[in-house]
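Please keep the model open while you go through these points. Each one takes up a single topic.

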Amino acid sequence: LSVMATIFDLCDGDPEEGSAFVSHLQSSLKGGSPGVVFYALKAIGALTRSDCLDFALALRLATKKGSVSFIDENLSKGNEIVAIAFAELCGSYCFDGSNDDSSLDSSE
């Protein structure tokens, strides 16, 4: 857990350096404890917000079969901190202020 927290701090503080840990983050999503998965998702979100990791790739990493085993279709059965980190990861794309919302026009 402390290693993953350190990797998150690195990704959040120096995303260019943190991007070297993407494969470690991916493997941590597969079999880690809820705390490890939480920090892995937070680190992936930090890399996404800093444009060091493409959002589509980040989402594929998090939703790949075998990843994030603490989330299922019914979030109430999953782990709360993992669900929060996953929601923040998804929100990092939607609310970072750099995305063009014109494609979301509901009048079409």
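1. Start with D51, which sits in the loop between helix 4 and helix 5. Helices here are DSSP runs of H or I with at least four residues, numbered from the N terminus. D51 counts as exposed because its relative accessibility is 66%. The scale is as follows: buried means under 20% relative accessible area, exposed means over 50%, and partly exposed lies in between, with a 1.4 Å probe and protein chains only. The phi angle of D51 is near 65°, a positive value in a residue other than glycine. Most residues other than glycine have a negative phi.

2. A word on the source. This is a predicted model, in which local features need pLDDT of at least 70 and side-chain atom pairs count only at pLDDT 80 or more, while totals for chains, interfaces and linings use all residues. Residues are numbered from 1 along each chain as its sequence is written, and side-chain values use heavy atoms, with hydrogens and water left out.

3. Next, how helix 3 meets helix 4. The two pack at an angle of about 140°, and their axes are 9 Å apart. Axes are lines fitted to C-alpha atoms, for helices over the stretch in contact, and angles run from 0 to 180 degrees between N-to-C directions. Helix 3 supplies V22, L25, S28 and L29 to the contact, and helix 4 supplies V36, V37, A40, L41, A43, I44 and L47. Contact means heavy atoms within 4.5 Å. By class, 10 residues of this contact are nonpolar, 1 is polar and none is charged. Nonpolar covers Ala, Val, Leu, Ile, Met, Phe, Trp, Tyr, Cys and Pro; charged covers Asp, Glu, Lys and Arg; the others, Gly among them, are polar.

4. Look at two residues of helix 3 in turn. S28 lies in helix 3, residues 22-31. S28 is buried, at 9% relative accessible area. Not counting residues up to four places away in sequence, S28 touches M4, V36, V37 and A40. With neighbours within four places left aside, L25 is in contact with M4, I7, C11, A40, A43, I44 and L47.

5. Which residues have the most contacts inside the largest nonpolar core? They are C11, L25, L41 and I44, in a core of 23 residues. Such a core is a set of buried Ala, Val, Leu, Ile, Met, Phe, Trp, Tyr and Cys residues joined through side-chain atoms within 4.5 Å. At least two residues of this core come from each of helix 1, helix 3, helix 4, helix 5 (55-63) and helix 6 (80-94). Helix 4 gives the largest share, 9 residues.

6. Now the rings. The structure holds 2 aromatic pairs. Rings of Phe, Tyr and Trp (its six-membered ring) pair if their centres lie within 6.5 Å; planes under 30 degrees apart count as stacked, over 60 as edge-to-face and the rest as tilted. The F8 and Y39 rings have centres 5.9 Å apart and planes at 40°, so this pair is tilted. F8 is in helix 1 and Y39 in helix 4 (residues 34-49), so the pair ties together parts 31 residues apart in sequence. F8 is buried at 14%, while Y39 is partly exposed at 26%. F38 and Y39 make an edge-to-face pair, 5.2 Å centre to centre with 70° between the planes. F8, F38 and Y39 form one aromatic cluster.

7. Last, D9. It is found in helix 1, residues 2-13. Is D9 buried or exposed? D9 counts as exposed, at 52% relative accessibility.
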